[in-house]
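Okay, thanks for making time, everyone. Let me put the thing up on the screen and then walk you through a few spots.

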Amino acid sequence: MNLLKAPQYFKAVSLAMVTLLLSGQAIAKDWLVDSPKAYKEILKKVKPGDKVVLANGTWQDFEILFKANGTKEAPIELTAETKGQVVLSGLSNLRIAGKHLVVSGLVFKDGHTPSNAVISFRRNKEDLAYHSRVTEVVIDNFNNPDKRESDYWVAIYGQYNRFDHNYLTGKRNKGVTVAVRLDSKQSQENHHQIDHNYFGPRPILGSNGGETLRIGTSHYSLSNSYTLVENNYFDRCDGEVEIISIKSGQNNIRNNVFFESRGTLTMRHGNGNIIEENIFFGNGVDHTGGIRVINKDQIIKNNYLEGLTGYRFGSGFTVMNGVPNSKINRYHQVANALVENNSFINVSHIQLAAGSDAERSAVPIDSTMQNNLIFNENAQQPFSLFDDVSGITFKGNIANTVAHKKLSSGISQQNIKLKRAVNGLLYPVDETFAKKGASKNLSPILKSATGPSWYPKSNSVVEFESGKIIKVNTGDDALFNAVLTANNGDVLVLADGDYDVRKMININKTLSIKAEHQGKAQIVFQRSTLFQIIDGGSLTLDGLTISGSSSPDSSGNTLIRSQKWGMVENYRLVMRNSTVTGLNTNHSFHFFDSGNGAFADYIELTNNHFSNITGDFLRLNKEIEDLGIYNAEYVILKNNTFDNVQGVIVNLYRGGTDESTFGPHLEMSNNVVKSSGKGKRNKTASSLYLHGVQVTNIESNSFENTAKVVIEHTVGEPKTVVKNNTASNATAFTIKELHASGPHTAVLLNNKQSK
Ligand code: CA
């Protein structure tokens, strides 16, 4: 056997012999291992330059400790026999400790970490990783089954580590996706490099703790980090209001793309950070934001921001007010910020001195905004000023709109025409503006240039009606069986007739159930619930007639519910063109009941008729801890009739005072609500009970003989509009501020209320 021929695999079993043959020789070896036991044995023997190779296949419940010391010239590697074909599943994770280590090619999926990190750059508090690298590793939906249980997917400790070309997608449980920790001297001034990673969609968490990247914490935020974050692609990272939360000094965030991501890059704590050459594409998606500036010596230059709709702290660009002599965890004053040569194109909101209030009274000082390009197609100038901004010098900026009158000396209105260049970005056609806004040399990182090449970047959400059309007839259990065998995205088309459903139907895929002819497919059901949406499920119902008349004669039935507890995946629920009646076999028969901790991306009900319901209609109020954990992001009711619903039509509750989320939202228009909300078991004594809802629009509805609408504003400057409604109740709309003093901030317009 030729020992010098590479690559060579040495089975763990032949270790003794191999060692003997090679004694005294420094030949790098590849060790193929096929069990955790073999891995442990080999790890005792590895030398600089060696490679530990995990055999292809699924490794169940494997907690890898990769502790070794390579050298700069000869690192020690841990890799896959074939990249992408080594899957860590079950209760698995990876800890790296030592120097000059490289990990590559592994996939974490179908499980979760039993510890507080999937990948940790340390063994324990004393034993950290240095000069080490994790590259081409995938973490795909590796979520703790308890969504409220917090963990990191990646926790970077030590110094001079690199995290690159990795693929992280679908984090659904609480906790930052990637955290750079500065919690000891050994992890500060770390010079880490985070580059070319693909941050795939992170669904809305529905509470704080959904950041995609955080560098530092407030406690160590006056320490410098020197972390470089460049050439990463953030694809729909929607977890919460902060996509990136910088909480340390001297970081450089450069040439990253933020694609349709809700939230902002926030310089929450720490000084002297440089934010440059980043590209934000909002494409008009709700709550897409840009950059938020706090603290001193921040440089924001040559960034390109387009199509961002966000407002308030989630704006396309925000400069905050600070707290005088701020505690380390509050808001330090903005001082010496330089904001130059950025392009703000169709950025709806630029907010200065934002957050100004009795506590946050320290206005920005010694700062400059210059040579920026501001363009708004709709001719609305984007600036809002919340306090004195004379501490920001404006010069050389251009805009196509009339400038805000207090800024007009530093923003000149110009006739600007834009053209999209080959790099995909818009630039003024007129060469005299060449020095304004972002540079023509920007080169946005391509999605395809991030993450490992061998793992497909598939769309995480299966669209409704993206699959096959399957006909279903009225035969025994035909609907139940059709749901069971359908695939993601399929449409079940129900033939005319009566469907007597004798088993609860679990929905664990994206499914549409439609009547072939509207109103001609009638469903009754014998269990306490007709449809239960469980993890992976989303449901559209269209054109059906559903009655509760065959349901058990006991209280607490529900037509539809989401899994009672432990749901990790967000769901969608749509009902259109349907009739639901007779949910009244006993008291408290609800239309929809959310499980504890379950979260709907949206619930949309259009053109339906609902009548004779003894319970509540939408129960989205399962938060009891008041930590700001809610049950639905968007609730949309359009053109429906509600007649004799004894309970509350919508109970949407978001408790607590945390401001890390954008929702929930309620859109209710053109509905007729009759004789509803007046049942004696309706503890809310209202037809709509909205607590802590952030965006509410109640428009052109009719409320007849119906309990009042109760709206309770909590924190976060909620936007509430109630207009063009008619009500047969003189006190139909009751709006309260629970935290702010003074009158409520809702807009009530043109509502007709009679006695
Ligand atoms: Ca946060």
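So, is E211 buried or exposed? E211 is buried, at a relative accessible area of 7%. For the cut-offs, buried is under 20% relative accessible area, exposed is over 50%, and partly exposed sits in between, with a 1.4 Å probe and protein chains only.

Before I go on, the housekeeping. This is a predicted model, where local features need pLDDT of at least 70 and side-chain atom pairs count only at pLDDT 80 or more, while totals for chains, interfaces and linings use all residues. Residues are numbered from 1 along each chain as its sequence is written, and side-chain values use heavy atoms, with hydrogens and water left out.

Back to E211, then. It is one of the residues coordinating the calcium ion. Donors here are N, O and S atoms within 2.8 Å of the metal, or 3.2 Å for Na, K and Ca, and water is not among the atoms, so the site may look incomplete. Along the sequence the donor residues run N-x2-E-x28-E-x1-E. N208 is partly exposed, at 28% relative accessibility.

Zooming out, the chain is assigned domain 1 (1–163), domain 2 (175–192 + 202–451) and domain 3 (616–755); those bounds come from an automatic or database domain assignment. The centres of domain 1 and domain 3, over C-alpha atoms, are 53 Å apart.

As background, most residues other than glycine have a negative phi, and most peptide bonds are trans. E260 is not a glycine, yet its phi is positive, about 45°. You'll find E260 in the loop between β25 (257–259) and β26 (263–269). Strands are DSSP runs of E, at least two residues, and helices are H or I, at least four, numbered from the N terminus.

N607 has a positive phi too, near 60°, and sits in the loop between β57 (600–606) and β58 (609–613). Leaving out residues up to four places away in sequence, T606 touches M575, R576, N577, K638, N639 and N640, where contact means heavy atoms within 4.5 Å.

Last one: the peptide bond joining G663 and P664 is cis, with omega about -5°. P664 is in the loop between β62 (650–653) and β63 (665–669).
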